[in-house]
Amino acid sequence: MSEGAGEDIYTNLHALVRLRFTAQGFSYLPRQPVRSLLSGRKRSRLRGRGLDFDELRHYRPGDDIRNMDWRVTNRTGKPHVRVYTEERDRPVVVVVDQRLPMFFGSRRKMKSVVAAEVAAITAWRVLAVGDRIGAILFNDERSVEARPTRNQRRVMGWMGDLTGMNNELSVTPDSSSNPAALADALGMLERSIGHDYLVVLVSDFYGWDEDTLKTIRR
C-alpha cells in the first residue's frame with residue numbers, strides 16, 4: 001500500500017475489525033417459520049445437541065451443562081462446552097472480488113474497499129447471531145478459500161488475507177485483468193458448498209457470461 005494512502009483507497013485489518021461495531025440493523029435470517037412449506041429453502045435457528053460437532057469453547061452463562069466437556073475442563077481448570085449444530089443450520093459464504101476493475105472509485109471510495117467492507121460487515125453480523133461464516137476471496141491471479149466457522153480468530157485470518165489482496169492492487173503500464181477469474185471463483189464455490197448455504201457475492205461482475213449466470217442460478 002502506498003504511504004499516506006487513506007482508507008478510501010486501501011483498507012486495513014484495523015478498519016475491517018472496527019466495522020464490528022456498526023454491523024447491526026439488518027439480518028440474513030429468513031422470515032418463514034420452521035415448519036413452512038418452504039422449509040427446503042430456509043434455515044433453522046435451532047442449535048444444541050445435534051449430530052454435528054462444531055467447536056469447543058469456554059462455558060458461557062446459559063449454556064447447556066449437558067454439553068460440558070469435563071476432560072478439557074479438568075485439564076485446563078476452566079469450564080469448556082462442546083457446541084453442536086443441527087442439520088438445518090445454514091452457513092454463510094461471502095465471495096469477494098478484488099480484481100483490477102474493482103480498483104476504481106468515482107466518489108468516496110474504491111469499489112475494492114467497499115467490497116472488503118461489505119464482506120467484513122457481513123461476517124461480523126453473521127457471527128453476532130451465532131452462525132458460521134466463510135469466504136472465497138479472489139483477484140486476477142489467485143483464489144483463497146476459508147471454510148465456514150464461528151471462530152473469530154479464523155475469520156480475522158481471512159480478513160487479513162482480504163486486506164493483503166486489497167493492498168496489492170495498483171495500476172501500472174502492464175496492468176491487466178483476468179475476466180475468467182469470476183467463473184473460476186464461482187466454480188470453487190460450487191464445489192465447496194452444500195445444501196442450504198447462503199452466498200453473498202460482492203463483485204462488479206467483470207467478465208460475466210451466460211455460463212456465469214447458470215452457475216449462480218444453480
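User: Before we start, what does buried mean here?

Analyst: Buried means under 20% relative accessible area, exposed means over 50%, and partly exposed is in between. This is a predicted model, so the values below are computed from predicted coordinates.

User: OK. Then is N139 buried or exposed, and why?

Analyst: N139 has 8% relative accessibility, so it counts as buried, because buried means under 20%.

User: Where is N139 found?

Analyst: N139 sits in the loop between β4 and β5.

User: Which backbone nitrogens lie by a polar atom of its side chain?

Analyst: The backbone nitrogen of E141 is 2.9 Å from a polar atom of the N139 side chain. For the backbone nitrogen of R142, the distance to a polar atom of that side chain is 2.8 Å.

User: And what is N139 in contact with, leaving aside its neighbours within four places in sequence?

Analyst: With those neighbours set aside, N139 is in contact with Q98, R99, M165, E168 and A181.

User: New topic, the whole protein. How many helices and strands are there?

Analyst: There are six helices and six strands. Starting at the N terminus, the elements come in the order α-β-α-β-β-α-β-β-α-α-β-α.

User: How much of the protein counts as buried?

Analyst: The protein has 218 residues, and 41% of them count as buried. Among contacts with a separation of 6 or more, 71% are between residues 24 or more positions apart.

User: What about the sheet, what is the order of the strands?

Analyst: Four strands make an open sheet, ordered β5-β4-β3-β6, with mixed pairing. The edge strands are β5 and β6, each of which pairs on one side only. From one strand to the next, the twist averages 10 degrees.

User: In which sense do β3 and β6 pair?

Analyst: β3 and β6 pair in the parallel sense, over five bridges. V94 stands opposite V200 in β6.

User: Which residues of β6 are on the covered face, and which on the uncovered one?

Analyst: L198, V200 and V202 are on the covered face of β6, while V199 and L201 are on the uncovered one. In a regular strand, side chains alternate between the two faces of the sheet.

User: Now α4. What span should the helix have, and what is the distance between its ends?

Analyst: Helix α4 covers residues 152-168, which is 17 residues. At 1.5 Å a residue these should span 24 Å, and the end C-alpha atoms are 24 Å apart, so the two agree.

User: Which residues are buried in α4?

Analyst: In α4, the residues V155, W158, M159, L162, T163, M165 and N166 are buried. They cover an arc of only 160 degrees around the axis, which puts them on the same side of α4. R153 and R154, on the other side of α4, are exposed.

User: Why would residues spaced along a helix point the same way?

Analyst: An α-helix has 3.6 residues a turn, so residues three or four places apart point the same way.

User: What do the buried residues of α4 pack against?

Analyst: They pack against α1, β3, α3, β4 and β5. Helix α4 lies across β3, β4 and β5, and runs at about 15 degrees to β4.

User: What happens at the start of α4?

Analyst: There, a side-chain oxygen of N151 reaches to within 2.9 Å of the backbone nitrogen of R153.

User: How exposed is D161?

Analyst: D161 lies in helix α4. D161 has a relative accessible area of 39%, so it is partly exposed. Leaving aside its neighbours within four places in sequence, D161 is in contact with L137 and V144. D161 and L13 are 148 residues apart in sequence, with their C-alpha atoms 9.2 Å apart in space.

User: Last one, α5. What should its span be?

Analyst: The twelve residues of α5 should span 16 Å at 1.5 Å a residue, and the end C-alpha atoms are 17 Å apart, which agrees.

User: Which residues of α5 are buried, and what covers them?

Analyst: The buried ones are A181, L182, A185, L186, G187, M188, L189 and S192. What covers them includes β3, β4, β5, β6 and α6.

Key: Residues are numbered from 1 along each chain as its sequence is written. This is a predicted model: local features need pLDDT of at least 70, side-chain atom pairs count only at pLDDT 80 or more; totals for chains, interfaces and linings use all residues. Side-chain values use heavy atoms; hydrogens and water are left out. Helices (H or I, at least four residues) and strands (E, at least two) are DSSP runs, numbered from the N terminus. The expected span of a helix is 1.5 Å times one less than its number of residues. Buried means under 20% relative accessible area, exposed over 50%, partly exposed in between (1.4 Å probe, protein chains only). The arc is that of the directions from the helix axis to the C-beta atoms. Contact means heavy atoms within 4.5 Å. A polar contact is a pair of N or O atoms within 3.5 Å; within protein, one must be able to donate a hydrogen and the other to accept it, and residues adjacent in sequence count only if both atoms are side-chain atoms. Two strands pair if DSSP finds at least two bridges between them. Axes are lines fitted to C-alpha atoms, for helices over the stretch in contact, and angles run from 0 to 180 degrees between N-to-C directions.
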